Every structure is written in structure tokens, then in C-alpha cells.
Amino acid sequence: MRVVTPGFTGRARGNNPRLPPGQHLTEDFPVLSVGPTPRVNRDRWEFAVVTERGARRSWTWRELLALPSEQFTVDIHCVTQWSKLDTRWRGVRVDTLLGDLDTAADYVLARSYGGYTTNIPLADLLGPAWIAYEYAGQPLVPEHGGPARLVVPQLYFWKSAKWIRELRLGTKDAPGFWETAGYHDYGDPWREQRYQGD
Ligand SMILES: Nc1nc2c(c(=O)[nH]1)N[C@H]1C(S)=C(S)[C@@H](COP(=O)(O)O)O[C@H]1N2
Ligand SMILES: [Mo]
């Protein structure tokens, strides 16, 4: 039996219920970077979580790899309207990194090597989200954010900071690079929250 839902014949969506409004599918993996690709040596790489009270917890590359990791497969949606289904990664869940951290924060500013920033509610980083270091079974290449990047699949992909360096927890929301430039503060692709006011 074929069920036809009225109002969802969706030619523009290619009839694919996994495609958010205004998006089209891509098979390749476009690179979208604001500036030059930072080359971060894994020997000097460090990742840190900083709480609203200034407590800092950090990991070297070896320490990150020693943490429990998982493979995950997610759909990603760029605000420039491409979506890619079933992308396969390996990484450490953000809740593994936060552990029993003592915080009253609701917001996080992700900060990258190279200076990029983006804000994400803490709840979405527990949603889950990952610090990913493998893509399609290979070490994550610099163009796609290697050594490691954030992957927050339920938000537009600009929230998934490449070359992640720090998660800064705060009690107040602080917009990042694209949010300051007029992009949506939250960025839910299913509600098509592309720009401020959407
Ligand atoms: N540090 C950093 N992270 C970033 C970006 C960037 O320019 N710098 N671009 C964002 C945007 S707009 C998108 S769509 C994705 C692109 O990731 P990709 O280049 O691996 O496809 O990374 C996001 N994370
Ligand atoms: Mo993007």
C-alpha cells in the first residue's frame, strides 16, 4: 500500500522526508570555510572545555583518542541548501567530555583554531553531538576540520565548528561568527531558521 500524505507530495523536496525544507541532496562533500585552512599539528593540538567560572579541562590528542568513542551516521544540512545523508564519522560524545562537570551554563560558544566561533545551546550539545576525528573510516582531513571538529547534526552545519579548540560554557548567549553576520541564533533546518528573524 502506498500512503499519500496531503500537502506532502513535495517535488521540491524530492519526496524525501529526510530533506528539510529548501534543501537539495548532494552526493559529494563540499568544503565551506571562511578563511584559510589552519594546519594544526596533532602533537601540539589541544582541546579544552571552560566553564562559566573559569574552570578548565583540557585534552591532548593522545588523551582524546584514549576516551571512549563511537561511530555515528548522520544527515548534515548546510544553510547554502545542500544536504548530505548518511555521513559516517567517529568521535567522542560531548557528554563524555563534560562528564560530571559542575556548571549552571545554558549556552556554549565553540571556538576553533583559526578564530571561527559559533554558539550552541548546551542542551543541543548533549543532544547528542560529537568531537569527530574520523570521516568515512579515515582520519578527518584538514579541509573538513581535522584534526577534530564538532558535529551537531540537528542544526545547520555552520554550527559544526571545524578545527575545534574550545567549548566555552556561559550563562548568557553570545553569538559567533555567522550569527553576528545575520544568520540565525539557533539554526534549526526543519524550521528553516537560516537568518535572524526566520
Ligand atoms: N572553523 C570553521 N568551522 C566551520 C566553518 C568555517 O568556515 N570555519 N564553516 C561552517 C559551515 S558554513 C559549514 S556548511 C561546515 C562545512 O563543513 P565542510 O567544509 O566539512 O563541508 O563547516 C562549518 N564549520
Ligand atoms: Mo554552511
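The questions below take up strands, hairpins, a sheet, a pocket, peptide bonds and accessibility in turn.

Analyst: This is a predicted model, in which local features need pLDDT of at least 70, side-chain atom pairs count only at pLDDT 80 or more, and totals for chains, interfaces and linings use all residues. Residues are numbered from 1 along each chain as its sequence is written, chains are lettered from A and ligands numbered from 1 in the order in which they are written, and side-chain values use heavy atoms, with hydrogens and water left out.

User: What makes strand 2 and strand 3 a pair?

Analyst: Two strands pair if DSSP finds at least two bridges between them. The strands themselves are DSSP runs of E with at least two residues, while helices are runs of H or I with at least four residues, and both are numbered from the N terminus. Strand 2 (residues 46-50) and strand 3 (residues 56-60) have 5 bridges in the antiparallel sense, and therefore they count as a pair. Within this pairing, Val49 stands opposite Arg57 of strand 3. The two strands form a hairpin with 5 residues between them, and Gly54 in the turn has a positive phi of about 90 degrees.

User: To which sheet order do these strands belong, and what is its pairing?

Analyst: They belong to an open sheet of 5 strands in the order 3-2-11-6-7, and its pairing is mixed.

User: Why are strand 3 and strand 7 called edge strands?

Analyst: Strand 3 and strand 7 (117-121) each pair on one side only. Neighbouring strands of this sheet are turned by 15 degrees against each other on average, direction ignored; here axes are lines fitted to C-alpha atoms, for helices over the stretch in contact, and angles run from 0 to 180 degrees between N-to-C directions.

User: Which strands pair with strand 5, and how many bridges does each pairing have?

Analyst: Strand 1 (residues 24-25) pairs with strand 5 in the parallel sense over 2 bridges, and Leu25 has Ser83 as its bridge partner. Strand 4 and strand 5 pair in the antiparallel sense over 7 bridges, with Ile76 opposite Lys84. Strand 5 and strand 8 also pair in the antiparallel sense, over 5 bridges, and Arg90 stands opposite Glu134 there. Since at least two bridges are required, the pairing of strand 1 with strand 5, at 2 bridges, meets the definition.

User: Why is Gln81 called partly exposed?

Analyst: Buried means under 20% relative accessible area, exposed over 50%, and partly exposed in between (1.4 Å probe, protein chains only). Gln81 has 34% relative accessibility, so it counts as partly exposed. Gln81 is found in the loop between strand 4 (70-77) and strand 5 (82-93). Strand 4 and strand 5 form a hairpin with 4 residues between them, and Gln81 in the turn has a positive phi of about 90 degrees, although it is not a glycine.

User: What is the phi of Ala136, and is this residue buried or partly exposed?

Analyst: Phi of Ala136 is near 50 degrees, a positive value in a residue other than glycine. Ala136 lies in the loop between strand 8 and strand 9. Its relative accessible area is 37%, and so Ala136 is partly exposed.

User: Why is Pro139 called exposed?

Analyst: Pro139, placed in strand 9, has a relative accessible area of 52%, and therefore it is exposed.

User: What lines the largest pocket?

Analyst: A pocket is an open set of points, on a 1 Å grid over the protein atoms alone, with protein on both sides within 12 Å along at least five of seven lines; lining residues have an atom within 4 Å of a point. The largest pocket is lined by 28 residues, of which Leu32, Ser33, Val34, Tyr116 and Trp178 lie nearest its centre.

Terms used: 1 Å grid on protein atoms, 1.4 Å probe; cavity = no way out; pocket = protein on both sides within 12 Å on 5 of 7 lines; lining within 4 Å.
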